[in-house]
Amino acid sequence: MADSLIPTSPGFETPLEMLEACHERLQAQLATLARLAAWLPEHGPDRQAQQAATNVMRYFDVAAVKHHQDEEDDLFPVLRERVDEARRGELGTLIDWILADHQRLFAGWAQMRARLECIARGESADLTPAAVEEFAGAYRRHIAREEGELLPVARSVLGAQDIEVLSGTMTARRRQ
């Protein structure tokens with residue numbers, strides 16, 4: 001297959017696209033969780049289930065945390081500075097919702113992680129499709145608001161220098 005046909009992931013030089021790519025990777029982890037919940041009743045916490053649980057934990061413990069830091073520590077403050085007065089209230093309400101939702105998502109993750117820790121150790125856990133769907137649904141709603149409401153504002157108000165600064169902080173965060 002020709003290399004030009006292989007899609008490339010955005011890099012940190014395009015931080016808004018990188019945030020969207022992180023959402024795609026998050027969706028992939030949610031799909032893994034759904035497959036794991038479907039796998040367990042027949043196969044139990046076998047090696048494949050243990051590895052899947054470990055991989056999902058690694059993603060949410062590291063990459064998802066950095067993603068939220070990118071937004072909370074870097075993107076939100078600059079957006080609040082750059083948005084015009086007419087949109088400031090609406091943006092503030094959206095950012096406040098996202099921040100509160102991050103806390104709800106972290107609480108949901110703590111419960112999901114406890115189940116996955118058991119599976120990763122080869123122990124049984126109550127990981128049902130319904131529990132996974134509830135967790136995944138919360139993330140899908142969150143992503144929809146960020147991509148449908150927040151990122152369009154960011155694209156309209158951030159300048160080249162803002163993008164460069166975001167790029168630098170996101171890169172530095174991942175080198176820690």
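## A charge over a ring

Arg-145 sits over the face of Trp-97, 4.5 Å from the ring centre. The criterion is NZ of Lys or CZ of Arg within 6 Å of the ring centre and within 35 degrees of the ring normal.

## Basis of the model

This is a predicted model: local features need pLDDT of at least 70, side-chain atom pairs count only at pLDDT 80 or more, and totals for chains, interfaces and linings use all residues. Residues are numbered from 1 along each chain as its sequence is written, and side-chain values use heavy atoms, with hydrogens and water left out.

## Aromatic pairs

The whole structure holds 6 aromatic pairs. Rings of Phe, Tyr and Trp (its six-membered ring) pair if their centres lie within 6.5 Å; planes under 30 degrees apart count as stacked, over 60 as edge-to-face and the rest as tilted. Tyr-59 and Phe-60 are edge-to-face, at 5.5 Å centre to centre and 85 degrees between the planes. Tyr-59 is buried at 10% relative accessibility. Phe-60 is buried too, at 2%. Here buried means under 20% relative accessible area, exposed over 50%, and partly exposed in between (1.4 Å probe, protein chains only).

Phe-60 also pairs with Trp-109. This pair is stacked: 4.7 Å centre to centre, 20 degrees between the planes. The pair links distant parts of the chain, with Phe-60 in helix H2 and Trp-109 in helix H3, 49 residues apart. Helices (H or I, at least four residues) and strands (E, at least two) are DSSP runs, numbered from the N terminus. Trp-109 is buried, with 7% relative accessible area. Ring pairs join Tyr-59, Phe-60, Trp-109, Phe-135 and Tyr-139 into a cluster.

## The largest pocket

Which residues line the largest pocket? Asp-101, Arg-104, Leu-105, Gly-108, Gln-111, Met-112, Arg-115, Ala-131, Glu-134, Phe-135, Ala-138 and Tyr-139 do. Phe-135 and Tyr-139 also belong to the aromatic cluster. Helix H3 (85–120) and helix H4 (129–157) each supply at least two lining residues. H3 gives the most, with 7 residues. By class, the lining has 6 nonpolar, 2 polar and 4 charged residues. Ala, Val, Leu, Ile, Met, Phe, Trp, Tyr, Cys and Pro count as nonpolar, Asp, Glu, Lys and Arg as charged, and the others, Gly among them, as polar.

The search uses a 1 Å grid over the protein atoms alone. A pocket is an open set of points where a 1.4 Å probe fits, with protein on both sides within 12 Å along at least five of seven lines; lining residues have an atom within 4 Å of a point.

## Salt bridges

The whole structure has 17 salt bridges. Each is a side-chain nitrogen of Lys or Arg within 4 Å of a carboxyl oxygen of Asp or Glu. Asp-73 bridges to Arg-173, with the closest N and O atoms 3.8 Å apart. Asp-73 lies in helix H2 (residues 47–82) and Arg-173 in helix H5 (residues 160–175), so the pair ties together parts 100 residues apart in sequence. Asp-73 is partly exposed at 46% relative accessibility, whereas Arg-173 is buried at 10%.

In the pocket lining, Arg-104 and Asp-101 form a salt bridge at 3.1 Å, N to O. Both lie in helix H3, 3 residues apart, about one turn of the helix. Arg-104 is partly exposed at 45% relative accessibility, but Asp-101 is buried at 7%. Glu-133 and Arg-140 form another salt bridge, at 2.2 Å, N to O. Glu-133 is partly exposed, at 44%. Arg-140 is partly exposed as well, at 34%. Elsewhere, salt bridges with shared partners join Asp-70, Asp-73, Asp-74, Arg-173 and Arg-174 into one network.

## Contacts across the sequence

Gly-168 lies in helix H5. Gly-168 is partly exposed, at 38% relative accessibility. How far apart in space are Gly-168 and Glu-13? Their C-alpha atoms are 8.0 Å apart, against 155 residues in sequence.

Gln-50 is in helix H2. Gln-50 is buried, with a relative accessible area of 17%. The C-alpha atoms of Gln-50 and Glu-123 are 9.0 Å apart, and the two residues are 73 residues apart along the chain.
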